[in-house]
Amino acid sequence: MPVFNEEDVLPLFADRIRPVLDDLAVPYEVLAVDDGSRDATPAVLELMRRRWPQLRVVRLRRNSGHQNALTAGLHRARGQYVVSIDVDLQDPPEVIGEMLRLAETDGLDVVHGVRADRSSDSAFKRGTAGLYYRLVRRVVGAEVPPNAGDFRLLSRTAVDALTGLPEHRPVYRLLVPWLGLPSGEVTYTRERRAAGRSKYPLGKMIRLALDSFTGFSAAPLRVATWLGCAGIVLCMMLAAAGLAAHLWGTVVPGWTSILVAIVFLGALQLLCLGLLGEYVARIFTTLQGRPDYVVAADSAVQETRDYAGVR
């Protein structure tokens with residue numbers, strides 16, 4: 001579970017998820033990835049870890065982003081099944097048991113948590129999310145479950161496949177369906193955030209959408225091409241209209257039409273350059289070869305060292 005500045009909601013999350021996991025009657029480990037929190041989250045996690053033996057804390061040196069924190073967790077998860085969930089309690093932990101039963105009964109490698117009711121979200125968020133999933137399913141493929149975020153269950157096969165991919169800006173809600181593994185769905189009602197503020201503002205939502213389209217499709221480049229073609233056709237039509245007006249002697253002196261044409265073409269060129277720049281930026285990031293996150297500490301590693309020292 002990725003954690004960033006969640007000091008208020010962490011105790012509520014622990015009180016709710018721990019009985020659910022204990023009732024499963026199977027060995028489990030809860031892996032919390034502290035994504036460079038700047039509030040009291042590290043202290044809260046440390047206190048929780050002392051009271052909850054199954055809690056493991058991985059702390060990143062800086063804020064690396066939600067998807068990269070998920071990557072850090074997947075690379076260190078050790079279970080036969082792995083569930084990714086946010087700590088804001090908008091995704092109910094009680095659904096985990098149903099996910100596990102479905103995976104074991106039907107032999108599934110992926111079980112998506114699908115939000116059947118999003119009435120707790122604002123109208124703006126529901127509208128933008130609906131538009132996002134419609135565009136993604138059209139561009140990337142219909143195999144992407146609608147209204148499925150990052151609440152999902154993965155088998156060890158799926159985790160190994162994901163961690164073996166050389167992704168630098170992963171978007172797991174698209175990457176997991178791309179694997180083509182046997183999958184199922186469990187629906188639930190999305191709840192309101194239990195405490196604190198959302199860590200996914202509009203800017204991060206736009207960044208996620210850009211990563212979704214540029215990382216999984218060349219369609220934006222084709223859009224730029226079609227916009228260029230449309231601009232050429234429009235300019236030809238304007239030229240024909242101007243010539244006809246000149247021949248008929250109805251030319252009105254002024255600069256409005258010229259200004260509109262210049263502004264339109266300039267905006268079109270900037271848009272195309274911006275789309276191209278997104279892909280160049282991805283190439284540049286890949287060539288740099290820098291890690292997407294840097295681990296500062298892992299409580300499991302520290303416990304192993306302490307135990308070895310005692311021996």
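Ser84 sits in strand β4, where helices (H or I, at least four residues) and strands (E, at least two) are DSSP runs numbered from the N terminus. The model is a predicted one, so local features need pLDDT of at least 70 and side-chain atom pairs count only at pLDDT 80 or more, while totals for chains, interfaces and linings use all residues. Residues are numbered from 1 along each chain as its sequence is written, and side-chain values use heavy atoms, with hydrogens and water left out.

With a relative accessibility of 9%, Ser84 counts as buried; the cut-offs here are under 20% relative accessible area for buried, over 50% for exposed and partly exposed in between (1.4 Å probe, protein chains only). Leaving aside residues up to four places away in sequence, Ser84 touches Leu70, Asp150, Phe151 and Arg152, contact being heavy atoms within 4.5 Å. As for Asp150, its backbone oxygen lies 2.6 Å from a polar atom of the Ser84 side chain.

Turning to charged pairs, a search of the whole structure turns up 12 salt bridges, each defined as a side-chain nitrogen of Lys or Arg within 4 Å of a carboxyl oxygen of Asp or Glu. One of them joins the side chains of Arg16 and Glu94, at 3.0 Å from N to O. Arg16 belongs to helix α1 (residues 10-23) and Glu94 to the loop between β4 (81-84) and α4 (95-106), so this pair ties together parts that are 78 residues apart in sequence. Both ends are partly exposed: Arg16 comes in at 24% relative accessibility, and Glu94 has a relative accessible area of 41%.

Arg18 forms a salt bridge with Asp22, with the closest N and O atoms 4.0 Å apart. The two are four residues apart in helix α1, which means about one helical turn separates Arg18 from Asp22. Arg18 is partly exposed at 28% relative accessible area, and Asp22 is likewise partly exposed, at 41%.

What about the pair Arg56 and Asp298? Their side chains meet in a salt bridge at 2.6 Å, N to O. Because Arg56 lies in strand β3 (residues 55-60) and Asp298 in strand β8 (residues 295-298), the bridge ties together parts that are 242 residues apart in sequence. Arg56 is buried, at 6% relative accessibility, and Asp298 is buried too, with a relative accessible area of 9%. The pair also takes part in a network of salt bridges that links Glu29, Arg56, Arg78 and Asp298.

Terms used
Polar contact = N/O pair within 3.5 Å; in protein donor to acceptor, adjacent residues only side chain to side chain.
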